[in-house]
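Dear colleague,

Please find below the sequence and structure that I would like to hand over to you. My findings follow, arranged by topic.

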Number of protein chains: 2
Amino acid sequence: MTQTTRERAKTAIAELDERVTEARWRTLEALFAAGRPLSHAEIEAGLAADGAIDRVTLYRVLDWLVGRGLAHKIEGHDRAWRFSAVGNDTHGHAHFHCTRCGKVYCLTAIQPTLVLALPPRFHFEEAGISLRGTCADCQPH
Amino acid sequence: MTQTTRERAKTAIAELDERVTEARWRTLEALFAAGRPLSHAEIEAGLAADGAIDRVTLYRVLDWLVGRGLAHKIEGHDRAWRFSAVGNDTHGHAHFHCTRCGKVYCLTAIQPTLVLALPPRFHFEEAGISLRGTCADCQPH
DNA sequence: CTCCGACGTGCTACTGTGTTGCACGTCTTG
DNA sequence: CAAGACGTGCAACACAGTAGCACGTCGGAG
């Protein structure tokens with residue numbers, strides 16, 4: 001929203017020597033501004049106010065951002081992907097999924113170390129920790 | 001497949017004082033026989049050999065099994081639920097998702113203890129650990 | 001500057017997973 | 001047996017995500 005997040009988005013794309021298109025910087029700006037992982041639908045709704053971006057284009061832009069390392073793709077409990085802008089500490093943190101409002105939060109404070117004992121001939125690639133519960137916005141009182 | 005798993009399935013349902021219908025025990029039998037979490041599509045394909053069960057009925061039977069505590073419902077990385085028969089140790093273990101063949105395995109050997117530091121007013125309900133990689137069946141040599 | 005190819009966007013249509021509503025059949029209980 | 005609850009099947013739908021194609025735009029070669 002602010003000039004700051006917009007410029008951050010544009011420069012982040014420009015630094016990769018990639019085309020700074022409207023769809024790209026507006027999408028990345030939305031992720032920067034949110035500060036928490038957003039679903040495709042949430043991003044689309046947020047962008048709709050000042051000119052909608054095509055549904056499919058948004059999917060492709062999001063995948064492009066992930067491929068260029070500007071965003072992360074995480075799974076939601078509702079079987080919809082969430083996308084978050086890549087900040088400083090990007091790996092190894094858990095995600096909190098609110099079972100009431102569906103929002104997802106990054107728990108960067110938790111840096112778990114897993115001790116793994118996989119069966120033979122299993123090859124490990126990646127691990128994820130996800131928590132469920134209700135967020136502060138959804139508490140009764 | 002064997003008489004054993006079939007009888008196990010039937011008695012497990014009967015012990016709850018619920019109707020032992022064909023759809024129920026055949027579904028539960030399939031879960032017992034598999035020994036690993038199965039997707040709806042996998043179960044449907046497995047049952048098709050000796051008489052298909054309606055797609056929707058299978059969804060409802062699976063939810064019923066989960067509700068009666070006879071099965072567990074876990075998330076796959078491909079946005080499809082997996083269902084596994086409830087054995088002895090049912091909680092707190094991680095799941096391994098093969099990125100090549102899509103199969104899911106229970107890692108009952110890993111009993112993680114998470115130390116959580118949630119933000120204020122966040123209410124914890126449940127945690128899950130999921131691993132990605134390639135399973136033994138999918139190793140190159 | 002102009003042309004041309006690569007790239008980005010938008011539209012339509014499709015797949016796969018899961019759900020809802022309704023009709024019909026079956027079981028069970030009085 | 002009658003009545004109601006329950007289980008199953010069918011059709012239609014909702015939603016997330018993908019594929020194919022056409023069009024436009026950008027940017028470099030000539």
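The two copies meet through the same surface, because 100% of the interface residues of chain A are also interface residues in chain B. Please bear in mind that this is a predicted model.

**Relation of the two chains**

Chain A contains an open sheet of 3 strands in the order β1-β3-β2, with antiparallel pairing. Its edges are formed by β1 (38-39) and β2 (71-75) of chain A; each has a single partner strand, so one side of each is left without a neighbour in the sheet.

Strand β3 (residues 81-85) of chain A is joined to β2(A) by 5 bridges, and the two run antiparallel. One of the residue pairs here links A:Ile74 to its bridge partner A:Arg82 in β3(A). Helix α4(A) packs on the sheet, where it touches β2 and β3 of chain A, and its direction makes about 110° with that of β2(A). Helix α2(A) lies across β1, β2 and β3 of chain A and runs at about 85° to β3(A).

**The sheet and helices of chain B**

In chain B, an open sheet of 3 strands has the order β1-β3-β2, again with antiparallel pairing. Here β1 (38-39) and β2 (71-75) of chain B stand at the edges with a single partner strand each, so one side of each has no neighbour in the sheet.

The pairing of β1(B) with strand β3 (residues 81-85) of chain B is antiparallel and comprises 2 bridges. B:Ser39 has B:Arg82 as its bridge partner in β3(B).

Two helices of chain B touch this sheet. Helix α2 (residues 22-34) of chain B lies across β1, β2 and β3 of chain B, at about 85° to β3(B). Helix α4 (residues 55-67) of chain B packs on the sheet through contacts with β2 and β3 of chain B, and its direction makes about 110° with that of β2(B).

How do these helices meet each other? The axes of α2(B) and α4(B) come within 10 Å and cross at roughly 70°. That makes α2(B) roughly perpendicular to α4(B). From α2(B), the residues B:Ala23, B:Arg24, B:Thr27 and B:Leu28 take part; they meet B:Thr57, B:Leu58, B:Val61, B:Leu62 and B:Leu65 of α4(B). By class, this contact has 6 nonpolar, 2 polar and 1 charged residues.

**The surfaces near the DNA**

DNA strand C is surrounded by 20 residues, of which A:Thr21, A:Ala23, A:Asp54, A:Thr57 and B:Trp81 are the closest. The elements that give two or more residues to this surface are α2 (22-34) and α4 (55-67) of chain A, together with α3 (40-48) and α4 of chain B. The most comes from α4(A), with 4 residues. By class, the surface near DNA strand C has 9 nonpolar, 3 polar and 8 charged residues.

DNA strand D has 19 residues around it, and those that come nearest are A:Trp81, B:Thr21, B:Ala23, B:Asp54 and B:Thr57. Two or more residues each are given to the surface near DNA strand D by α3 (40-48) and α4 of chain A and by α2 and α4 of chain B. On this surface, α4(B) gives the most, with 4 residues. By class, 9 nonpolar, 3 polar and 7 charged residues make up the surface near DNA strand D.

With kind regards

How values were computed:
Residues are numbered from 1 along each chain as its sequence is written. Chains are lettered from A and ligands numbered from 1 in the order in which they are written. This is a predicted model: local features need pLDDT of at least 70, side-chain atom pairs count only at pLDDT 80 or more; totals for chains, interfaces and linings use all residues. Two strands pair if DSSP finds at least two bridges between them. Two residues are in contact if their C-beta atoms, placed from the backbone, lie within 7 Å. Axes are lines fitted to C-alpha atoms, for helices over the stretch in contact, and angles run from 0 to 180 degrees between N-to-C directions. A residue is near a molecule or strand if its C-beta atom, placed from the backbone, lies within 6 Å of it. Ala, Val, Leu, Ile, Met, Phe, Trp, Tyr, Cys and Pro count as nonpolar, Asp, Glu, Lys and Arg as charged, and the others, Gly among them, as polar. Angles under 35 degrees count as roughly parallel, over 145 as roughly antiparallel, 65 to 115 as roughly perpendicular and the rest as oblique.
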